[in-house]
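Visitor: I would like to go through this model and ask what lies behind the terms used for it.
Guide: Go ahead; the structure comes next.

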Amino acid sequence: MKKGTISEGMIEKVEFPNKGTIRTEDGEKVIVKNGVPYQKVRFFVQKKRKGKCEGRLLEVLEKSPLELPQAACVHFGSCGGCTYQNLDYSNQLQLKKEQVEQLLLPVVQAEDPTWFEGIKPSPVQFGYRNKMEFSFGDAYKDGPLALGMHKKGSFYDLVTVDQCIIADSDFNNILKAVLSYFTKEETSYFKKRTHIGYLRHLLVRKAAKTGEILADLVTTTQDCGSKPEQALLEGFKDTLLSLDLQGKITGILHTKNDSVADVVKNEGTDILYGTDYFYEALLGLKFKISAFSFFQTNSLGAEVLYDTVRQFAKDAVLGHDGILYDLYSGTGTIAQMMAMAAKKVIGVEIIEEAVLAARENARCNGLDNCEFIAGDVLKVLDTIPEKPDVIILDPPREGVHPKALGKILDYGVDNIVYISCKPTSLVRDLEVMQERGYRVVRGCCVDMFPGTYHVETVVMLSHKKPDSVINVKVEFGEGEGKVPLDNIAKRAEAYKPKERVTYKMIKEYIEAKYGFKVHTAYIAEVKRELGLPMYDAPNAVEELKQPRKHPTAEKAEAIKEALKHFEVI
């Protein structure tokens, strides 16, 4: 099958993340995203490399028996936000559970075959999102003003999602009112092609428990149109305050963002009304949240997730005299949930604003045994005097940096709880952790994002201990029954670990012997070809952005000779 071909086929299965597999009549495998199992689809082959094909879904020719007669959301198919709104919720859960199982079961080493406990549903399927970042733009080139989400497969065009079923209903009412106001005022919007315009984003957050709402208008500092900016913003504020909402608006903000990147970036925020924060309550604790604080987007689902972590951590037998590390702690929600069960909890988070929020939240909740440190986990671990008894990991989607993971495992704690929002990253890290003697004890999924392919996974690992211990008494020195010290020195020299062979050593050896340089990628490719372990690669990624570099025959032979010289092979 050639690039540019249009073909048809049935999706046999869907693997995480949202990758459908199609087998063509000649047995060729094609990966097509945005489908569900057993759909017959038409697709366009947009990429082919080393026998692997990737296609873009063009049309669903025959529905899957798993699909609903009609998708739950009217925007499904045009909006790129959700992928599974055409499935019954029970089928969504089953699909996510199977995807995680397919990734974990071949890798996980567990003594108990019932370690995987399935998937926990979200308490609510619709209206669960407590945060939405809407974009201003047009529905098509130079079309009328739109406010919503990107169209499926488009970087420029938007869909006005005023009936989004996963957003809180107040968000839809706010969206419609704000769009109507700025359309009437004929306010310019930021165009990604030219980087000219005023309106950029509308950020809305709402607490599920307290009902408090925060709205933030994100604009450039460019000319906003015929009306002065102050008057325009005053009208925006009045429009929001006039709405009859279920919740209560506690803050209206205006954030400036002149970055050319299509992201919500804070380059200065003014308060137009109220405060720049609101409060949310989870599992009996109170949390102060600002416009840009990290907080789980499904508050009720977060309670299920954090309660699961708490239950798993109870198995760790932490005790009230133990030290808990919460690494990648965000605003400190997990740390504070665990504070009652530990002597001290130490959270580490690289985003300083989140750390400041965590400290304030701990004070608000009367917790004096929580310490939050701002910085990179890799560097901060070297500065903490207290050693942990239990570690909780909640890293970003990319997982734990290999060097940081090595430091974490060096503590040798009995138990680690790992929370992952990307199971492929979890699998990679589990392989390393198991090599270091850890075994998976419990695991499950928590569905925080109904209607989408995203899923949280929680795994508890325990360090494998020896089955028995034999105590042997040995006396050193000269004489009968004693072990001579010079013998110990000789044996120690014989069993001394080999020096670690680095890429730099190999490159220097080849340049000195052969007179030419070799790229690090060439060494990696030869190691991969020989089946040598690649865990020491500092910048390992799941998917390469560029094709692998293949060395010439001459350089490949030089690399192999160097590997023999250093006794790697």
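Visitor: Where does N130 lie?
Guide: N130 is in the loop between β6 and β7 (131-138). Strands here are DSSP runs of E with at least two residues, and helices are runs of H or I with at least four, numbered from the N terminus. This is a predicted model, in which local features need pLDDT of at least 70 and side-chain atom pairs count only at pLDDT 80 or more, while totals for chains, interfaces and linings use all residues. Residues are numbered from 1 along each chain as its sequence is written, and side-chain values use heavy atoms, with hydrogens and water left out.

Visitor: Why is N130 called buried?
Guide: Buried means under 20% relative accessible area, exposed over 50%, and partly exposed in between (1.4 Å probe, protein chains only). N130 has 6% relative accessibility, so N130 counts as buried.

Visitor: Which residues does N130 touch?
Guide: Contact means heavy atoms within 4.5 Å. Leaving out residues up to four places away in sequence, the residues touched by N130 include F171, V204, R205 and F295.

Visitor: Is R42 buried or partly exposed?
Guide: R42 has a relative accessible area of 25%, so R42 is partly exposed. E59, at 38%, is partly exposed too.

Visitor: What is the distance between D429 and R428 in their salt bridge?
Guide: The side chains of D429 and R428 meet at 3.2 Å, N to O. D429 is buried, with a relative accessible area of 2%, whereas R428 is partly exposed at 26%.

Visitor: How do you know which side of helix α1 the buried residues are on?
Guide: The buried residues of α1 are Y89, Q92, L93, L95, K96, Q99, V100 and L104. They cover an arc of only 165° around the axis, so they are on the same side of α1. The arc is that of the directions from the helix axis to the C-beta atoms. Their cover includes β1 (6-15), β6 (116-120) and α9 (423-435).

Methods: Salt bridge = Lys/Arg side-chain N within 4 Å of Asp/Glu carboxyl O.
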